[in-house]
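Subject: Structure handover, salt bridges

Hello,

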Amino acid sequence: MNDSAAAVNAVRDTLIAIRDTGPEALLEFVTFRLRKTGLSLTEAELINLVTAPDLGGEPRKSMHMAISQWDADTGVAWAAATDPWTSERRIRIFDLLELSGEARARLDEAYPSIAKRDTMIADPGDWEPWYDEDRRREHDFYWRAYRGVLEAKNWDPEAIAALNKSAVDVVGRLADPAGDASYPTKGLVVGHVQSGKTANFTGIIAKAIDSGYRLVIVLTGTIELLRGQTQRRLDMELVGEENILEGRDRKDADAIRNVDYIGNDDADWVAGKFLRHGIDIHSSLDIPAIKRLTFLGKDYRQLKAGLDALDFRRTGELRNPAKPVYDLENIYSVDARLAVVKKNTTALKNLLRDLQDVRADLREIPVLIIDDEADQASVNTINPNSKQAKKDQKKRSAINALINDLLSKMPRAQYIGYTATPFANVFISPDDSQDIFPKDFIVSLTPSSEYMGGTKFHDLGGLEDYERGDPAFSNEAAHVRDLRAADDESERAEIRDALDAFVLTGAIKKWRQANDETLTFRHHTMLVHESVRVAEHADLAGAFRSVWEQAGYSTPSGLARLRSLYMSDFLVVHNSRAAWNGLPMPDRFDDLKTFIGATIDAIMVAGDPVVVVNGSSDSDYNAMDFMTQPYWRVMVGGAKLSRGFTVEGLTVSYYRRRATAADTLMQMGRWFGYRAGHQDLVRLYIGRDVLDGQNKSYDLYDAFTSIIEDEEEFRAQLHKFSELREDGKPVVRPIHVPPMVFQQLPWLRPTGRNKMYNAVLKYEGEGGEVKDFNAHDYRSDGSRNAAHFKAVAKWLEGLDARPEEFRGVSGTRFTARTRVLSTVQVLDALRSFELLAKDQLLPTIAMIEKAVSESTLTDWLLVVPYLGDDRVREVEGVPVPLIARRRRADRPGFSGSERRHRGVLEHVTGKKDAMDAGPVAARLASPTRGALLLTFTIDPVMLDEEKDAGRAEASRVALPPLGELVSANDVATLLSLALPYESAPRGRVGFGVRREDLQDEAIIPKDA
């Protein structure tokens, strides 16, 4: 094969040029370009060039980008009505490329087609599609530039294509900025903590400016630290040097002295890493410049004499002043304005004041409002009875009112909220529902596989006994280290352990950088978060400094500790998973010794290993500088480091702060994110026995686990029901989402006492999918426990006498007793259950009734795991196998059923791709049979002294002695069930409304 540089360059350039046009002309262009060089390629040689990295990485990367783009394209003529991300689309691509069967197989193997990543639930309403392929192709300057930035950062091609698809979908749901009709659109984008939400909304802003939106307002969190970071990110990756310089000569030192990023010697600006568009934007007629209304260190201030910067009619930008700004004759000649604003009353009032003072009619301006951290300050969702509510209510209401003012004064304004903790926006306050309820669409983003989120730190779904503690199977064992100190001496020892990990991981990073030129680690940080109280930060920082001074990293004892930690922890974890074996790692600790010294020097470059980040000291606040120099420090803070802000180079986290709200707790998870080149080194030191003000103990890691489980279930529901019905209407509209989620913090009231959601979940279920119903109410007098046990007690008396063996996951086995029940028996029992939400079982009951009426469900297999004679106790005269499962520390009820038991239910109900649960399960399986799993846990009333100590909820309860009779009040019945697969193979859901005449309203009066 001819692998000359000319062939490589010709193929690469062709692929880059053709991917936005379509695949049909690829070979023609390749042939044309190669002919000019006097070369030629056969089909086999071309396929070899674009699939084999060792024959030319650039053509392979470009082909990957192109085919991912073609997989994702919408509304293009060449696709011939094939849907994105489908096998039909891939076949169409190959047909246009005129590829042989062998070539198709090789491309499919090299670039497997991925499913649509992101989920959108949209309300069709009066929306008319407008953002077609022609519109996108004619105006795509800023999107192309931003895509180039992502490619230069080595983003995965599928991730870029998925971002493009997501941005097209979202911008397409907004109102046409050049349309005659003006109407507001309100949507919500749900991401994950530190998962790339900024990248997503940057892509949306790029496409929005290209399509005609001319005022973009980005609302950040409530702190300047985050606002400044967002401003810099947008300036660097979207705005670009030409817009930042505003026509100034880059070589004129006097002219640029006070320009952002130049005056403070920003390292990335100096290194040329800011986007350069390469053209004079200010003289290009159809490419709008981006005028910044805010700057790196300056939030929005009244423009006063500089008001022309905001006024679309005073600057002479309109080609035809007799027509409105949004008219097609004007819109592409008008420059875009960008304001990155804190959710701060002063800044927002300044912006509103200036908008009212400009000559331009606000009704003419297409506006896009991006509300980052949309669950913070934008909505009123805190407990109305809490002290914090009484303290913050006025402030939070003021921010909400100002956002509403922006929307009401600019009828062409579109609102998109972004959050990683969606429940505050889904369960939005009635007072806010008319303002920013996401009535038009909800998008759930799926991060790329490189993202280290909650699922990478927790063992969701449970592990078998032999897997626990093994980092090859357990994420907890790989990344999480317990903090259990009960006295000062023990706490200092735990601090030293965390600092040892910080030093050691820094040395490994430096060793990797020296041994692999593709790996660079500019920053290396450790996050310490124990309190939001500023007064306590200094004491905590003092403790870390004191431990650091006594750690003796240059002494034999200090090196011995690091050697032990390396051999027993980091080397073991690294070697435990094949995914990490591609990262270099020294076999001998001695290879790290020189890098340990270099790490200490880097951490001590400012003379202090610790920096406090809480804004109380300008010197400490400003010392946290990721822009101008490498940053290797231990960062102690609270709120300033807990929401939205990206801690660069974060590798070790030390976390002991308890939060009472699920979304607050999740936002503390700064350890989530992308850790390219050091995924195996990330460590979380987290409190497992943290006391609150009432001396009540909390396991913070378990609290995170339960929240992550709830959020993953919520996102799975959105994905499951995001498709359209056969009549083209959506299965689920945004106003239907709140009643789909039952798990919620009991103190967070979704609506006021005199209001309720209009949408009612009538039925919901998915065939073969196991659902757990373990959200029991908080333990009181045990009457609910007794009622639940009474509902199923007769079933236990009729179980098969002999336990039979079933297969679990990973080759495990367990025994269980079974019996077949009628659907009438099951329904009678389910109607007797009253969980946290009184109507939580009603949609499932209705789904069962629907399956019976359609003859897809006839009976049920009851499965009761048998745990051995030593676990059996008499409960109200009935022998019952008991487990000792603790209640969830942060929520009512219990965790879900064991993973090995769930496989039996899936097998019996015929779920596709279900595990083989063994011959007994196969014998009991039936296409019209549901499956029911019952487990029973001891759930005693806490003694007064236990309540006072506050430790009973967080500790595992013990079984009563053998032979002791147990009251049904002290036994919780845990229920899991699965419908036959054929009763709902793709999942089914149905909704009703409380008021037909108000069917498009999210919330109605309770007495309506």
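D235 and R292 are both buried, where buried means under 20% relative accessible area, exposed means over 50%, and partly exposed is in between (1.4 Å probe, protein chains only). Their side chains meet in a salt bridge, at 2.8 Å from N to O. The term stands for a side-chain nitrogen of Lys or Arg within 4 Å of a carboxyl oxygen of Asp or Glu. D235 lies in helix α11 (residues 224–245) and R292 in strand β4 (residues 290–292), so the pair ties together parts that are 57 residues apart in sequence. Helices (H or I, at least four residues) and strands (E, at least two) are DSSP runs, numbered from the N terminus.

This is a predicted model, in which local features need pLDDT of at least 70 and side-chain atom pairs count only at pLDDT 80 or more, while totals for chains, interfaces and linings use all residues. Residues are numbered from 1 along each chain as its sequence is written, and side-chain values use heavy atoms, with hydrogens and water left out.

A second pair is D268 and R522, whose side chains form a salt bridge at 3.2 Å, N to O. D268 sits in helix α13 (residues 267–270) and R522 in the loop between α21 (488–515) and β11 (524–529), so that this pair links distant parts of the chain, 254 residues apart. D268 is buried at 9% relative accessible area, whereas R522 is partly exposed at 29%.

D140 also bridges to R144, with the closest N and O atoms 2.8 Å apart. D140 counts as buried at 16% relative accessibility, and R144 as partly exposed at 40%.

The count comes to 59 salt bridges.

Regards
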